[in-house]
Amino acid sequence: MDRFPFPDDLIAARREWHAAYRALAVPRPRHATELRRHLLLLSVRIHWHPFWSTPAGWSPAARVELRRLTAVDRRTDAA
């Protein structure tokens, strides 16, 4: 059962955010400036997404759940 009906574009943006963050976390990342700019753009896109203005998005638990839902990708990449 999906407790929060996250839009696909919000989930995709959060997953892309995780990928950009991982790319910056390596020692001496290539194209670090572009990655930082992309990470900032994604952060703004996620923070100001219209979903957060809906009743389902008002709860702080929704942001935590989005983070948990998209962090699963990190665990499968590491395995």
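Modeller: Before you start, one cut-off for this predicted model: a residue is buried when its relative accessible area is under 20%, exposed when over 50%, and partly exposed in between.

Colleague: Okay, then is R45 buried, exposed or partly exposed?
Modeller: R45 is found in helix α2. Its relative accessible area is 42%. Buried needs under 20% and exposed needs over 50%, so R45 lands in the class between them and is partly exposed.

Colleague: How far apart in space are R45 and A13, C-alpha to C-alpha?
Modeller: Along the sequence, R45 and A13 are 32 residues apart. Going C-alpha to C-alpha through space, the distance is 7.6 Å.

Colleague: Let me step back. In what order do the elements of the protein chain run from the N terminus?
Modeller: The chain has three helices and zero strands. Written out, that is α-α-α.

Colleague: And what share of the contacts with a separation of 6 or more comes from residues 24 or more positions apart?
Modeller: The protein chain has 79 residues, and buried ones make up 28% of them. For contacts with a separation of 6 or more, the share from residues 24 or more positions apart is 66%.

Colleague: How do α1 and α2 run relative to each other, roughly parallel or roughly antiparallel?
Modeller: Two packed helices are described by the angle between their axes and the distance between the axes. Here the axes of α1 and α2 come within 9 Å and cross at roughly 150°. Angles over 145 degrees fall in the antiparallel class, so α1 and α2 are roughly antiparallel.

Colleague: Is the crossing of α1 and α2 left-handed or right-handed, and how do the residues of the contact divide?
Modeller: α1 passes α2 in a left-handed crossing. The residues that meet include L10, W17 and L24 in α1, with L35, L42 and I46 among those in α2. The residues of this contact divide into twelve nonpolar, two polar and three charged.

Colleague: R14 is in that contact too. Is R14 buried or exposed?
Modeller: R14 sits in helix α1. Its relative accessible area is 11%. The buried class takes values under 20%, so R14 is buried.

Colleague: Which residues does R14 touch, skipping those up to four places away in sequence?
Modeller: One of them is also part of the α1 and α2 contact, namely I46 in α2. With residues up to four places away left out, R14 touches I46, L66, R67 and T70.

Colleague: What about H38: which residues does H38 touch beyond four places in sequence?
Modeller: H38 has its place in helix α2, and at 27% relative accessibility it counts as partly exposed. Its C-alpha is 7.4 Å from that of A20, which is 18 residues away in sequence. Leaving out residues up to four places away, H38 touches E16 and A20.

Colleague: Now the aromatics. How does the F6 and F51 pair count: stacked, tilted or edge-to-face?
Modeller: A search of the whole structure finds five aromatic pairs. In this one, the ring centres of F6 and F51 are 5.2 Å apart and the planes are at 55°. Planes under 30 degrees apart would be stacked and over 60 edge-to-face, so the F6 and F51 pair is tilted.

Colleague: Which parts of the chain does the F6 and F51 pair link?
Modeller: Both F6 and F51 are buried. They are 45 residues apart, and the pair links distant parts of the chain: the segment before α1, for F6, and, for F51, the loop between α2 and α3 (60–78).

Colleague: How does the pair of F6 and W52 count?
Modeller: F6 and W52 are both buried. Their ring centres are 6.5 Å apart, with the planes at 65°. Planes over 60 degrees apart fall in one class, so F6 and W52 are edge-to-face.

Colleague: Which residues do the ring pairs link into a cluster?
Modeller: F6 pairs with F51, and F6 also pairs with W52. Ring pairs link these into a cluster of F4, F6, F51 and W52.

Note on methods. Residues numbered from 1 in each chain as written. Predicted model: local features only at pLDDT ≥ 70, side-chain atom pairs only at ≥ 80, totals over all residues. Heavy atoms only, no water. Helix = DSSP H or I, 4+ residues; strand = E, 2+ residues; numbered from the N terminus. Buried < 20%, exposed > 50% of the residue type's maximum accessible area, 1.4 Å probe, protein only. Contact = heavy atoms within 4.5 Å. Axes fitted to C-alpha atoms, helices over the stretch in contact; angles between N-to-C directions. Parallel < 35°, antiparallel > 145°, perpendicular 65-115°, else oblique. Left-handed = near helix turned anticlockwise from the far one by under 90°. Nonpolar A, V, L, I, M, F, W, Y, C, P; charged D, E, K, R; others polar. Phe/Tyr/Trp six-rings, centres within 6.5 Å; stacked < 30°, edge-to-face > 60°.
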